[in-house]
Amino acid sequence: MSKEYMNVGVIGCGMISDWYFKAASRFKQMRIIACGDLKVELAKKQGETYSIPVKSCDEIYADPEIELILNLTPQKAHYAVSKRALENGKHVYSEKPMSVTLADARELMALAASKGLRICSAPDTFLGGGPQTARKLIDDGWIGRPFAGTAVFMGRGPEKWPHAPAFFDIGAGPMLDYSPYFVAQLINMFGPAKYVTASVTKATEERIGGPDTVPHVYPVKVPTFQSGIIEFANGVQITMIGSYDVYRGTHPSIEIYGTNGSLNMHNPNFFGGSVKLFRPGYEQWQEIPTAFDYNTDARSIGVAEMIESILTGKKGRISGEMALHALEIMLAFERAAKEKRRIELETTCERPAPMVPVSEDGKLS
(Lines give C-alpha, C1' and ligand atoms only; values in the text may rest on other atoms or scores of the structure.)
Protein backbone atom coordinates (compact mmCIF):
# COMPACT_ATOMS: atom_id res chain seq x y z
CA MET A 1 0.00 0.00 0.00
CA SER A 2 1.92 3.06 -1.27
CA LYS A 3 -0.62 5.59 -0.02
CA GLU A 4 -1.67 5.28 3.62
CA TYR A 5 -4.39 7.91 3.99
CA MET A 6 -7.18 9.87 2.32
CA ASN A 7 -8.07 13.52 2.68
CA VAL A 8 -11.50 13.87 4.24
CA GLY A 9 -14.00 16.72 4.17
CA VAL A 10 -16.73 16.84 6.80
CA ILE A 11 -20.18 18.15 5.96
CA GLY A 12 -22.34 18.58 9.06
CA CYS A 13 -20.88 20.08 12.22
CA GLY A 14 -23.61 19.37 14.77
CA MET A 15 -23.27 17.56 18.08
CA ILE A 16 -22.26 14.15 16.66
CA SER A 17 -19.30 15.73 14.87
CA ASP A 18 -17.45 16.20 18.18
CA TRP A 19 -17.15 12.43 18.57
CA TYR A 20 -15.68 12.06 15.08
CA PHE A 21 -13.28 15.00 15.37
CA LYS A 22 -12.00 13.77 18.75
CA ALA A 23 -11.31 10.22 17.56
CA ALA A 24 -10.07 10.97 14.03
CA SER A 25 -6.59 11.87 15.21
CA ARG A 26 -6.11 8.27 16.37
CA PHE A 27 -6.29 6.94 12.82
CA LYS A 28 -3.54 7.71 10.31
CA GLN A 29 -5.78 6.46 7.50
CA MET A 30 -7.76 9.72 7.49
CA ARG A 31 -6.82 13.38 7.45
CA ILE A 32 -9.67 15.84 7.91
CA ILE A 33 -8.68 18.88 5.85
CA ALA A 34 -12.00 20.79 5.81
CA CYS A 35 -15.33 21.06 7.54
CA GLY A 36 -18.53 22.82 6.57
CA ASP A 37 -22.16 23.22 7.49
CA LEU A 38 -25.13 25.14 6.12
CA LYS A 39 -25.15 26.77 9.56
CA VAL A 40 -21.82 28.54 9.10
CA GLU A 41 -21.51 29.34 12.80
CA LEU A 42 -21.40 25.60 13.62
CA ALA A 43 -18.61 24.99 11.14
CA LYS A 44 -16.63 27.96 12.46
CA LYS A 45 -16.98 26.72 16.03
CA GLN A 46 -15.78 23.20 15.20
CA GLY A 47 -13.04 24.49 12.92
CA GLU A 48 -11.68 26.65 15.71
CA THR A 49 -12.03 23.91 18.33
CA TYR A 50 -10.24 21.24 16.29
CA SER A 51 -7.96 23.42 14.13
CA ILE A 52 -9.63 22.42 10.88
CA PRO A 53 -10.03 24.78 7.90
CA VAL A 54 -13.63 25.89 7.36
CA LYS A 55 -15.09 25.86 3.87
CA SER A 56 -18.56 26.16 2.40
CA CYS A 57 -20.29 22.91 1.49
CA ASP A 58 -19.98 23.83 -2.19
CA GLU A 59 -16.22 24.29 -1.78
CA ILE A 60 -15.90 20.90 -0.09
CA TYR A 61 -17.77 19.14 -2.89
CA ALA A 62 -15.57 20.82 -5.51
CA ASP A 63 -12.18 20.52 -3.75
CA PRO A 64 -9.99 18.15 -5.81
CA GLU A 65 -7.84 17.40 -2.75
CA ILE A 66 -10.78 15.91 -0.86
CA GLU A 67 -11.24 12.22 -1.66
CA LEU A 68 -13.91 11.23 0.85
CA ILE A 69 -16.81 13.14 2.37
CA LEU A 70 -17.89 12.34 5.90
CA ASN A 71 -21.62 13.07 5.95
CA LEU A 72 -22.69 14.05 9.47
CA THR A 73 -25.88 15.89 8.55
CA PRO A 74 -29.37 15.13 10.00
CA GLN A 75 -31.02 11.92 8.79
CA LYS A 76 -33.28 13.53 6.20
CA ALA A 77 -30.29 15.22 4.55
CA HIS A 78 -28.16 12.08 4.23
CA TYR A 79 -29.44 11.17 0.77
CA ALA A 80 -29.00 14.59 -0.84
CA VAL A 81 -25.54 15.23 0.64
CA SER A 82 -24.25 11.75 -0.20
CA LYS A 83 -25.66 11.93 -3.73
CA ARG A 84 -23.96 15.24 -4.45
CA ALA A 85 -20.68 13.96 -3.00
CA LEU A 86 -20.78 10.90 -5.25
CA GLU A 87 -21.67 13.03 -8.26
CA ASN A 88 -18.53 15.04 -7.51
CA GLY A 89 -16.36 11.94 -7.49
CA LYS A 90 -15.99 11.51 -3.72
CA HIS A 91 -16.28 8.37 -1.64
CA VAL A 92 -18.85 8.73 1.14
CA TYR A 93 -19.08 7.64 4.75
CA SER A 94 -22.44 8.68 6.18
CA GLU A 95 -23.85 8.79 9.66
CA LYS A 96 -26.63 6.26 10.11
CA PRO A 97 -28.86 5.47 8.38
CA MET A 98 -27.58 5.66 4.80
CA SER A 99 -30.96 7.15 3.85
CA VAL A 100 -34.45 7.20 5.31
CA THR A 101 -35.94 5.22 2.41
CA LEU A 102 -34.80 1.98 0.83
CA ALA A 103 -35.29 3.37 -2.69
CA ASP A 104 -32.96 6.30 -2.04
CA ALA A 105 -30.35 4.02 -0.47
CA ARG A 106 -30.47 1.69 -3.48
CA GLU A 107 -30.01 4.70 -5.76
CA LEU A 108 -26.93 5.81 -3.83
CA MET A 109 -25.44 2.33 -4.01
CA ALA A 110 -26.02 2.19 -7.76
CA LEU A 111 -24.57 5.67 -8.28
CA ALA A 112 -21.44 4.78 -6.30
CA ALA A 113 -20.97 1.58 -8.29
CA SER A 114 -21.38 3.39 -11.60
CA LYS A 115 -18.59 5.79 -10.66
CA GLY A 116 -16.24 3.25 -9.13
CA LEU A 117 -16.74 4.78 -5.67
CA ARG A 118 -17.65 3.45 -2.23
CA ILE A 119 -20.46 4.52 0.05
CA CYS A 120 -20.64 3.18 3.59
CA SER A 121 -22.56 4.09 6.70
CA ALA A 122 -22.32 4.12 10.47
CA PRO A 123 -22.53 2.64 13.01
CA ASP A 124 -19.02 1.37 13.57
CA THR A 125 -19.43 0.50 17.25
CA PHE A 126 -19.62 -3.21 16.38
CA LEU A 127 -15.88 -3.00 15.68
CA GLY A 128 -15.26 -2.24 19.37
CA GLY A 129 -13.79 -4.55 21.98
CA GLY A 130 -17.07 -5.40 23.68
CA PRO A 131 -19.08 -6.36 20.58
CA GLN A 132 -16.12 -8.26 19.15
CA THR A 133 -15.61 -10.18 22.40
CA ALA A 134 -19.28 -11.20 22.36
CA ARG A 135 -18.91 -12.37 18.76
CA LYS A 136 -15.80 -14.40 19.55
CA LEU A 137 -17.56 -16.23 22.40
CA ILE A 138 -20.27 -17.24 19.95
CA ASP A 139 -17.84 -18.16 17.17
CA ASP A 140 -15.73 -20.24 19.55
CA GLY A 141 -18.76 -22.25 20.67
CA TRP A 142 -18.99 -21.12 24.29
CA ILE A 143 -22.81 -21.15 24.25
CA GLY A 144 -23.15 -24.01 21.78
CA ARG A 145 -25.32 -23.35 18.75
CA PRO A 146 -27.12 -20.00 19.11
CA PHE A 147 -30.79 -20.29 18.29
CA ALA A 148 -32.54 -17.24 19.77
CA GLY A 149 -32.07 -14.02 21.68
CA THR A 150 -33.36 -10.59 22.58
CA ALA A 151 -32.31 -7.06 21.65
CA VAL A 152 -34.01 -4.36 23.72
CA PHE A 153 -33.56 -0.59 23.88
CA MET A 154 -36.19 1.37 25.74
CA GLY A 155 -36.32 4.85 27.19
CA ARG A 156 -37.79 8.28 26.56
CA GLY A 157 -35.43 9.16 23.74
CA PRO A 158 -33.98 12.67 23.36
CA GLU A 159 -37.38 14.28 24.04
CA LYS A 160 -35.94 17.24 25.98
CA TRP A 161 -33.12 18.15 23.61
CA PRO A 162 -33.30 21.54 21.82
CA HIS A 163 -33.79 19.77 18.47
CA ALA A 164 -35.92 16.95 19.93
CA PRO A 165 -38.74 17.22 17.34
CA ALA A 166 -36.38 15.85 14.65
CA PHE A 167 -36.02 12.59 16.61
CA PHE A 168 -39.78 12.03 16.60
CA ASP A 169 -40.22 12.86 12.92
CA ILE A 170 -40.22 10.79 9.74
CA GLY A 171 -36.76 9.30 9.23
CA ALA A 172 -36.00 8.97 12.92
CA GLY A 173 -37.81 7.52 15.93
CA PRO A 174 -36.29 4.64 17.87
CA MET A 175 -36.00 2.42 14.80
CA LEU A 176 -33.89 4.62 12.52
CA ASP A 177 -32.22 6.62 15.28
CA TYR A 178 -31.16 3.98 17.80
CA SER A 179 -31.71 0.47 16.46
CA PRO A 180 -28.84 0.75 13.91
CA TYR A 181 -26.39 -0.04 16.74
CA PHE A 182 -28.29 -3.20 17.61
CA VAL A 183 -28.92 -4.35 14.03
CA ALA A 184 -25.25 -3.86 13.12
CA GLN A 185 -24.13 -5.97 16.08
CA LEU A 186 -26.66 -8.68 15.25
CA ILE A 187 -25.34 -8.84 11.67
CA ASN A 188 -21.82 -8.90 13.11
CA MET A 189 -22.75 -11.93 15.22
CA PHE A 190 -25.06 -13.82 12.85
CA GLY A 191 -24.75 -12.50 9.31
CA PRO A 192 -27.69 -11.51 7.09
CA ALA A 193 -31.37 -11.79 8.00
CA LYS A 194 -34.16 -13.34 5.94
CA TYR A 195 -37.50 -12.35 7.50
CA VAL A 196 -39.07 -9.74 9.78
CA THR A 197 -42.40 -9.91 11.61
CA ALA A 198 -43.46 -6.95 13.73
CA SER A 199 -46.05 -4.74 15.40
CA VAL A 200 -45.72 -1.01 16.06
CA THR A 201 -47.54 1.71 17.99
CA LYS A 202 -46.97 5.00 19.81
CA ALA A 203 -48.04 5.93 23.32
CA THR A 204 -48.84 9.59 22.66
CA GLU A 205 -49.47 11.92 19.73
CA GLU A 206 -47.26 14.69 21.09
CA ARG A 207 -44.34 15.34 23.43
CA ILE A 208 -43.36 18.15 25.77
CA GLY A 209 -39.79 19.26 25.29
CA GLY A 210 -37.23 20.82 27.58
CA PRO A 211 -36.69 24.53 28.23
CA ASP A 212 -34.78 24.99 24.95
CA THR A 213 -36.89 22.73 22.73
CA VAL A 214 -38.50 24.49 19.77
CA PRO A 215 -41.41 24.06 19.53
CA HIS A 216 -41.87 23.23 23.20
CA VAL A 217 -44.81 20.93 22.44
CA TYR A 218 -44.31 18.95 19.27
CA PRO A 219 -46.02 16.10 17.36
CA VAL A 220 -44.93 12.47 17.33
CA LYS A 221 -44.93 11.50 13.64
CA VAL A 222 -43.46 7.98 13.82
CA PRO A 223 -44.14 4.78 15.78
CA THR A 224 -42.26 5.05 19.07
CA PHE A 225 -42.75 1.46 20.23
CA GLN A 226 -41.72 -1.24 17.78
CA SER A 227 -41.46 -4.93 18.56
CA GLY A 228 -40.82 -7.87 16.31
CA ILE A 229 -38.80 -10.92 15.36
CA ILE A 230 -35.81 -10.90 13.04
CA GLU A 231 -35.11 -14.32 11.52
CA PHE A 232 -31.51 -14.69 10.37
CA ALA A 233 -30.38 -16.83 7.48
CA ASN A 234 -28.45 -19.10 9.88
CA GLY A 235 -31.66 -19.89 11.78
CA VAL A 236 -31.23 -17.59 14.80
CA GLN A 237 -34.39 -15.74 15.84
CA ILE A 238 -34.02 -12.41 17.66
CA THR A 239 -36.89 -10.66 19.39
CA MET A 240 -36.20 -6.93 19.15
CA ILE A 241 -38.06 -4.19 21.04
CA GLY A 242 -37.29 -0.51 20.58
CA SER A 243 -39.13 2.32 22.27
CA TYR A 244 -38.97 6.02 23.07
CA ASP A 245 -42.10 5.72 25.26
CA VAL A 246 -40.78 3.92 28.33
CA TYR A 247 -39.65 5.65 31.51
CA ARG A 248 -37.62 2.72 32.78
CA GLY A 249 -37.07 -0.96 32.02
CA THR A 250 -34.76 -3.70 33.28
CA HIS A 251 -34.22 -5.77 30.16
CA PRO A 252 -30.61 -6.48 29.12
CA SER A 253 -29.52 -4.79 25.90
CA ILE A 254 -28.64 -8.03 24.11
CA GLU A 255 -28.95 -11.62 25.32
CA ILE A 256 -28.19 -14.61 23.13
CA TYR A 257 -29.37 -18.13 23.95
CA GLY A 258 -27.52 -21.21 22.78
CA THR A 259 -27.76 -24.98 23.19
CA ASN A 260 -25.03 -24.90 25.85
CA GLY A 261 -25.30 -21.51 27.52
CA SER A 262 -26.28 -17.86 27.31
CA LEU A 263 -24.49 -14.61 26.56
CA ASN A 264 -25.32 -11.15 27.86
CA MET A 265 -23.72 -8.00 26.45
CA HIS A 266 -23.76 -4.24 26.93
CA ASN A 267 -25.56 -1.61 24.89
CA PRO A 268 -23.95 -1.82 21.41
CA ASN A 269 -24.07 1.96 21.11
CA PHE A 270 -20.79 1.76 23.02
CA PHE A 271 -17.46 0.30 21.90
CA GLY A 272 -16.80 -1.39 25.23
CA GLY A 273 -18.75 -2.66 28.21
CA SER A 274 -19.81 -5.69 30.14
CA VAL A 275 -19.94 -9.08 28.39
CA LYS A 276 -21.17 -11.99 30.50
CA LEU A 277 -21.39 -15.73 29.97
CA PHE A 278 -23.51 -18.42 31.62
CA ARG A 279 -22.97 -22.15 31.04
CA PRO A 280 -24.27 -25.32 32.70
CA GLY A 281 -22.47 -25.73 36.01
CA TYR A 282 -22.04 -22.00 36.62
CA GLU A 283 -23.76 -20.61 39.69
CA GLN A 284 -24.03 -17.15 38.20
CA TRP A 285 -23.08 -15.04 35.18
CA GLN A 286 -19.32 -14.80 34.60
CA GLU A 287 -17.82 -11.49 33.46
CA ILE A 288 -15.60 -12.04 30.43
CA PRO A 289 -12.53 -9.80 29.94
CA THR A 290 -12.39 -8.05 26.61
CA ALA A 291 -10.29 -9.82 24.01
CA PHE A 292 -9.96 -6.87 21.63
CA ASP A 293 -8.92 -3.24 21.34
CA TYR A 294 -11.02 -0.09 21.01
CA ASN A 295 -13.07 -0.28 24.19
CA THR A 296 -13.47 3.49 24.55
CA ASP A 297 -15.19 5.76 22.08
CA ALA A 298 -13.54 5.43 18.66
CA ARG A 299 -16.05 6.92 16.25
CA SER A 300 -14.08 7.41 13.05
CA ILE A 301 -12.78 3.83 13.16
CA GLY A 302 -15.40 3.02 10.52
CA VAL A 303 -14.04 5.76 8.25
CA ALA A 304 -10.49 4.48 8.79
CA GLU A 305 -11.58 0.90 8.08
CA MET A 306 -13.33 1.99 4.89
CA ILE A 307 -10.32 3.97 3.67
CA GLU A 308 -7.86 1.17 4.44
CA SER A 309 -10.00 -1.31 2.50
CA ILE A 310 -10.12 1.04 -0.51
CA LEU A 311 -6.37 1.66 -0.48
CA THR A 312 -5.43 -2.00 -0.04
CA GLY A 313 -8.15 -3.48 -2.22
CA LYS A 314 -9.18 -5.78 0.61
CA LYS A 315 -12.79 -6.44 1.57
CA GLY A 316 -13.70 -4.10 4.40
CA ARG A 317 -15.62 -4.82 7.57
CA ILE A 318 -17.69 -1.70 6.84
CA SER A 319 -19.70 -1.95 3.63
CA GLY A 320 -22.53 -0.30 1.78
CA GLU A 321 -24.19 -3.68 1.34
CA MET A 322 -24.34 -4.13 5.12
CA ALA A 323 -25.74 -0.62 5.59
CA LEU A 324 -28.39 -1.21 2.93
CA HIS A 325 -29.37 -4.57 4.45
CA ALA A 326 -29.57 -3.06 7.93
CA LEU A 327 -31.83 -0.31 6.62
CA GLU A 328 -34.19 -2.83 5.03
CA ILE A 329 -34.36 -4.78 8.30
CA MET A 330 -35.27 -1.64 10.23
CA LEU A 331 -37.85 -0.39 7.73
CA ALA A 332 -39.40 -3.86 7.58
CA PHE A 333 -40.75 -3.48 11.13
CA GLU A 334 -43.23 -0.78 10.18
CA ARG A 335 -43.91 -2.42 6.83
CA ALA A 336 -44.71 -5.78 8.47
CA ALA A 337 -47.06 -4.06 10.89
CA LYS A 338 -48.88 -2.14 8.15
CA GLU A 339 -49.18 -5.13 5.83
CA LYS A 340 -49.91 -7.55 8.70
CA ARG A 341 -47.56 -10.17 7.36
CA ARG A 342 -44.09 -11.64 7.59
CA ILE A 343 -41.71 -9.70 5.34
CA GLU A 344 -39.16 -11.57 3.26
CA LEU A 345 -36.11 -9.34 2.86
CA GLU A 346 -34.78 -8.61 -0.61
CA THR A 347 -31.29 -7.44 0.30
CA THR A 348 -28.45 -9.36 1.88
CA CYS A 349 -24.80 -8.86 2.81
CA GLU A 350 -21.76 -10.78 3.91
CA ARG A 351 -21.05 -11.15 7.59
CA PRO A 352 -18.15 -8.76 8.30
CA ALA A 353 -14.80 -10.30 9.15
CA PRO A 354 -13.87 -10.22 12.84
CA MET A 355 -11.41 -7.73 14.26
CA VAL A 356 -7.96 -8.91 15.35
CA PRO A 357 -5.89 -7.69 18.31
CA VAL A 358 -3.47 -4.95 17.19
CA SER A 359 -0.10 -3.83 18.44
CA GLU A 360 -0.87 -0.14 18.75
CA ASP A 361 -3.78 2.29 18.81
CA GLY A 362 -4.94 3.35 15.36
CA LYS A 363 -4.11 0.07 13.64
CA LEU A 364 -6.87 -2.15 12.25
CA SER A 365 -4.97 -5.27 11.23
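Predicted model: local features only at pLDDT ≥ 70, side-chain atom pairs only at ≥ 80, totals over all residues.
Good morning. Helix α6 is mostly covered, with nine of its eleven residues buried.

Let me name the residues concerned. Gly129, Gly130, Pro131, Gln132, Thr133, Ala134 and Arg135 are buried in α6, and so are Leu137 and Ile138. What lies over them? The cover of these buried residues includes the strands β6, β12, β13 and β14, together with helix α8. After α6 comes glycine 141, which has a positive phi, near 85°.

I turn now to the sheet behind this helix. It is an open sheet of nine strands with mixed pairing, and its order reads β15-β14-β13-β12-β6-β11-β10-β7-β16. Its edge strands, β15 at residues 286-287 and β16 at residues 343-344, each pair on one side only. Strand β7, residues 193-201, runs antiparallel to β16, and two bridges join them. Within that pair, valine 196 is placed opposite isoleucine 343 of β16.

Helix α6, residues 129-139, touches β6 (146-154), β12 (254-258), β13 (261-265) and β14 (275-278). The direction of α6 makes about 170° with that of β13. Helix α8, residues 179-190, also packs on the sheet, where it touches β6, β10 (225-232), β11 (237-243), β12 and β13. For α8, the angle to the direction of β6 is about 165°.

Let me move to another part of the chain, around strand β3. In general, strands of a sheet pair through backbone hydrogen bonds, in either the parallel or the antiparallel sense. Which sense do we find for β3? Strand β1, residues 6-11, pairs with β3 in the parallel sense over four bridges, and glycine 9 has isoleucine 69 of β3 as its bridge partner. Strand β4, residues 91-94, likewise runs parallel to β3 and is joined to it by four bridges. Here asparagine 71 has serine 94 in β4 as its bridge partner. Between β3 and β4 the chain passes through helix α4, residues 78-87, in a right-handed β-α-β crossover.

Finally, the side chains of β3. In a regular strand, side chains alternate between the two faces of the sheet. In β3, residues 68-71, Leu68 and Leu70 point one way, while Ile69 and Asn71 point the other way. Are these residues buried or exposed? All four of them, Leu68, Ile69, Leu70 and Asn71, are buried.

Thank you for your attention.

Note on methods. Residues numbered from 1 in each chain as written. Heavy atoms only, no water. Pairing = 2+ DSSP bridges. Contact = heavy atoms within 4.5 Å. Axes fitted to C-alpha atoms, helices over the stretch in contact; angles between N-to-C directions. Buried < 20%, exposed > 50% of the residue type's maximum accessible area, 1.4 Å probe, protein only. Right-handed = clockwise from strand over helix to strand, strands pointing away.
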